[in-house]
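This report goes through one protein model, beginning with a pair of helices and ending with the chain as a whole.

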Amino acid sequence: MPYLPNTISDQQAMLDAIGVSSTDELFAMIPDALRLKRPLDLPPGMGELELTRHMTALAARNLPAGQSAGFLGGGSYDHFIPAVVDVIASRSEFYTAYTPYQPEASQGTLQAMFEYQTLITQLTGMDVSNASMYDGASAAVEAVLMALSATRRKRVAVARSVHPETRQVLETYLTNLDVAIDLVDVPEGAVVPDDAQRAVTEQTACLLVQQPNFFGCLEPMDELSRIAHAQGALLVTVVDPISLGLLKRPGEYGADLVAAEGQSLGCPMGFGGPYLGILACSEKFVRRMPGRLVGETTDRRGKRCYVLTLQTREQHIRREKATSNICTNQGLLALRASVYLALMGPQGMRQVAELCLQKTRYALEQLTAGGVLKPAFNRPVLKEFTLRAAGENAAKVVEKALAEGMLVGPSLGRWYPELDGCLLVAVTEKRTRDDIDRLASLLA
């Protein structure tokens, strides 16, 4: 009976061992009004063979990205993952290694984290990276919290073109704090510098901008950096790591803190996770950075080794001195990102970004040629763009493509009422000309 955790006699033995006569006595502290007085509404149990068939049938109803032409965007992207990433990340010494709690433990894990940090600083142009975070949204929020702590100000300016779910996570974190969020509207698909100028004041801790933004459009980052710093605010940038193969690195336009979703760096889409949070900053903010930072040193014999240099986590220091309640990192996914970045190198990253750019341009031309779909914004884009369905509901366009085994979207009405007829289309290096032509023919 492999699906029964224990038998009746096992249960009774455990009850006897802890000195209670029944499960009712065990849970006597739960008020009677909160107890369920009937059996759970579940179908009859299945044998292992029947259950295996049932679960296989349920799984077959999914449409994995690898079995479709995926144009899905909005934060999760179908990029090519070289086989070596899986091979190295599948080595047992990596995927069974436990989180290091002592500064000198787990040299292999610590070295992998150190290499990851080094690669992220090279990618972003920043001084320091931590050993990763849970996901891109939590990394962005932690960057904002660092800015609030560093400036001791109480307002945050946020571009409305930042991923709406990242903004929701930020709102949740700040709900019970004395901090106000000032949204910067984006009527043209990106921040207008004059609007940012009005939103950023002497009370603003930081300006949060995404590049490329949620609509796939490029933001005027040099100008926004100047506006933020003129008021003594920090610039917090959320980036797409693949885009940095072509676009100016955040450190080059003066970003103080950088967050990113690292899923595109060798991590599968995985039906939504687990993903990888990237967080990097200027050196002057390193003491405010949450999580782990691994450093390089020498042991007593003079050999190179690695150590947890900073660990401002609740598990390591007194809670009131912790920089964040984030207490761990995505070590295995950070390893995948490290392998991917080391394998690709600067030229490989540029090539991937260029392929995304070229195929995006072709897709935008083909999808809008028939007049059914039109560009929602007249802005430069890199690997993602927003289309408006002329006289047709965007959700129906998504359904129409899905019926033919093609994944597009999401439709934007769920977050932006004024964009109810719009949807996102993402084009990565994996999409072929045939894929794009087939989608254009279908939606025409």
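Helices H6 and H11 are oblique to each other, a class for angles that are not under 35 degrees (roughly parallel), over 145 (roughly antiparallel) or 65 to 115 (roughly perpendicular). The model is predicted, with local features needing pLDDT of at least 70 and side-chain atom pairs pLDDT 80 or more, while totals for chains, interfaces and linings use all residues. Residues are numbered from 1 along each chain as its sequence is written, and side-chain values use heavy atoms, without hydrogens and water.

The axes of H6 and H11 cross at roughly 40 degrees and come within 9 Å. Their crossing is left-handed.

|---|---|---|
| H6 | residues 107–124 | Ala112, Glu115, Tyr116, Leu119, Ile120, Leu123 |
| H11 | residues 331–368 | Ala334, Leu335, Ala337, Ser338, Leu341, Ala342, Met349 |

By class, the contact of H6 with H11 has eleven nonpolar residues, one polar and one charged.

Gln117 also lies in H6. With a relative accessible area of 7%, Gln117 is buried, the term for values under 20% with a 1.4 Å probe and protein chains only. Beyond its neighbours within four places in sequence, Gln117 is in contact with residues including Ser129, Asn130, Arg292 and Val294.

The protein chain has 13 helices and 14 strands, which are DSSP runs of at least four residues (H or I) and at least two (E) respectively. Its C-alpha trace spans about 70 × 60 × 50 Å along the principal axes. Of the 444 residues of the protein chain, 47% count as buried.

How values were computed. Axes are lines fitted to C-alpha atoms, for helices over the stretch in contact, and angles run from 0 to 180 degrees between N-to-C directions. A crossing is left-handed if the near helix is turned anticlockwise from the far one by less than a right angle, and right-handed if clockwise. Contact means heavy atoms within 4.5 Å. Ala, Val, Leu, Ile, Met, Phe, Trp, Tyr, Cys and Pro count as nonpolar, Asp, Glu, Lys and Arg as charged, and the others, Gly among them, as polar. Buried means under 20% relative accessible area, exposed over 50%, partly exposed in between (1.4 Å probe, protein chains only).
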